[in-house]
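Please keep the sequence and the model in view while reading.

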Amino acid sequence: MSDESVEVRDLTKIYTDDARGEVRAVDGISFTCRPGEVFGLLGANGAGKTTTLRMLSTVLSPTSGTATVAGFDIVAGAADVRRSIGFYSSSTALYPRLTARETLEFFARINRYPEAKVQARVDEIISRFSMEPFASARVDKLSSGQKQKVSIARTIAHDPPVLVFDEPTVALDVLAALDMRAVIGELRDAGKTVLFSTHVMSEAEKLCDRIAIIHEGRIHTTGTLASLREATGLHYLEDIFVHYVREARADAEGVRA
Amino acid sequence: MNWSTIRALVLLELRSLVRDRRTVFMSIALPVLTMPLFLFASSAIEKRRQKQIERETMRVAVATDAPGWISDLVHSAVESRSAPTADAPAPGTTTSAVTLQLVTGLDPAVALRDGSIAAYAGLAEPDRADKIAAGDSDALPKPAPVEGEKPPRTDSAPRLPCITARMTPARDSLPRPSSRHCGSNAIGRARLLLPSRVRRSRFPTSRGSTRPASPTHRLRPVRVSDDSSPLSSFF
């Protein structure tokens, strides 16, 4: 059995759009993630980050290729994959008429967290995120920051081995973004696999153990920040990213020519 | 999907539903408020309609020039209807808005024309009733000539509205008289089945109003069925 908790092989997603025709949103990408690692997908808007993460979380089905998450195939074992991951996105909605505590209980139960441990787990999370003052308040009465906390908390409510964060700091203020990064760091330290997509270079620099630079549906390089620096001779991640994107464009133009 | 998942989902939906004030109001509070209102209104309208109908006097004649046994039946019905019982009012008063009164010498066709009755049912002797039922138009009653008017030609003469019942004097097989259904015993277990056209045109409509019968309205003879519903309940 593989040590990788996420294993992606030649994953492809093709959309057919009336205006644009065939769109290859993800074009044969491959990578692996290990437990206790934050793996960052770094790319511009429309690069295919979200599509990749949605395929891994079984929201979208791949056109071709395979992937396993926590040992379960994303197509054949979709239900097991969903129970093994926590998916967070800044656009993830909450149930407005449940309280924060009920929300956490619901997501723990729906993902089959042991019933006897649900209350203890919920109390632990409420304590971790300092949610005591508003744990009994309905979600629709909470402030944006409080909702954000509930949303992160519900992602980890069932203690999944793999966590998927799709641009988690978008629309967060500085303090909330810092808190989010702290949470991701804690999860890594707890041995979780964190798949993290972002287009904010500084965030990727600070958080990611390994980075994959994705552009127009293809991964152009994967490695640690140190290895990327060494390979390109550039120091800043932003420069490294631009370097690979230009290279990719040049390759594409060369193919067209 | 296991039971704990289903339970979690059901709880989620119920909580969401109960906490949505608009949904609770629309699905529970509003019906609770409006249903009694509708029921009260419906009952009040029905009572008002009933009173309106009761205020109307509908005079319906049962006419016969048939042999004596039919007259005996009618006499018997009148007497039975008028007989005071423990739970029935004195003669001359009405209980179920039906009063039977024996009148002699009245030409029902004339009475119908001048509006003093709304309808009349002609009780024919068996042979004549059979002819009418067989479609013999000559057996139908003819309108009485109106003074000062030229009598119409026979072939184009308008027929009177006619309900003809074929009566059988099977008294021995009939049930004992009932104070509640006065007249049913005497008339027999026969029910006049009025064509819907007659009911609509001559009896109180659903709004409580009546429309006068048209003398030229020709109706088919009515068949008689063995039915326990008494004739009196019909009026």
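Strands, as the term is used here, are DSSP runs of E with at least two residues, numbered from the N terminus. In this predicted model, Thr193(A) belongs to strand 8 (residues 193–198) of chain A. Thr193(A) is buried, since its relative accessible area is 1%. Its side chain reaches the backbone oxygen of Arg34(A) at 3.3 Å. Leaving aside residues up to four places away in sequence, the residues that Thr193(A) touches include Ser5(A), Cys33(A), Arg34(A), Glu37(A) and Val162(A).

Arg34(A) and Glu37(A) form a salt bridge, with 3.6 Å between the closest N and O atoms. Arg34(A) is partly exposed at 38% relative accessibility, whereas Glu37(A) is buried at 5%.

Over all chains, the count of salt bridges comes to 22. Another of them joins Asp209(A) to Arg188(A), the closest N and O atoms being 3.1 Å apart. This pair links distant parts of the chain: Asp209(A) lies in the loop between helix 7 (201–207) and strand 9 (210–215) of chain A, and Arg188(A) lies in helix 6 (residues 174–189) of chain A, 21 residues apart. Asp209(A) is partly exposed, with a relative accessible area of 28%, and Arg188(A) is partly exposed as well, at 21%. A network of salt bridges links Glu22(A), Arg24(A), Asp27(A) and Arg218(A).

In chain B, a salt bridge connects the side chains of Arg49(B) and Glu46(B) (3.5 Å, N to O). Arg49(B) and Glu46(B) are separated by about one helical turn, because they stand 3 residues apart in helix 2 (residues 21–55) of chain B.

The aromatic rings form 5 pairs over all chains. Tyr88(A) and Phe165(A) make a tilted pair, because their ring centres are 5.8 Å apart and their planes stand at 45°. This pair links distant parts of the chain, with Tyr88(A) in strand 6 (residues 85–89) of chain A and Phe165(A) in strand 7 (residues 162–166) of chain A, 77 residues apart. Tyr88(A) is buried, with a relative accessible area of 0%, and Phe165(A) is likewise buried at 0%. The rings of Phe106(A) and Phe107(A), by contrast, have their planes at 80° and their centres 5.3 Å apart, so the pair is edge-to-face. Phe106(A) is buried at 8%, and Phe107(A) is buried at 13%. Ring pairs join Tyr95(A) with Phe106(A) and Phe107(A) in a cluster.

Charge and ring also meet at Phe107(A), where the charged end of Arg154(A) sits over the ring, 4.8 Å from its centre.

Conventions: Residues are numbered from 1 along each chain as its sequence is written. Chains are lettered from A and ligands numbered from 1 in the order in which they are written. This is a predicted model: local features need pLDDT of at least 70, side-chain atom pairs count only at pLDDT 80 or more; totals for chains, interfaces and linings use all residues. Side-chain values use heavy atoms; hydrogens and water are left out. Rings of Phe, Tyr and Trp (its six-membered ring) pair if their centres lie within 6.5 Å; planes under 30 degrees apart count as stacked, over 60 as edge-to-face and the rest as tilted. Helices (H or I, at least four residues) and strands (E, at least two) are DSSP runs, numbered from the N terminus. Buried means under 20% relative accessible area, exposed over 50%, partly exposed in between (1.4 Å probe, protein chains only). A charge sits over a ring if NZ of Lys or CZ of Arg is within 6 Å of the ring centre and within 35 degrees of the ring normal. A polar contact is a pair of N or O atoms within 3.5 Å; within protein, one must be able to donate a hydrogen and the other to accept it, and residues adjacent in sequence count only if both atoms are side-chain atoms. Contact means heavy atoms within 4.5 Å. A salt bridge is a side-chain nitrogen of Lys or Arg within 4 Å of a carboxyl oxygen of Asp or Glu.
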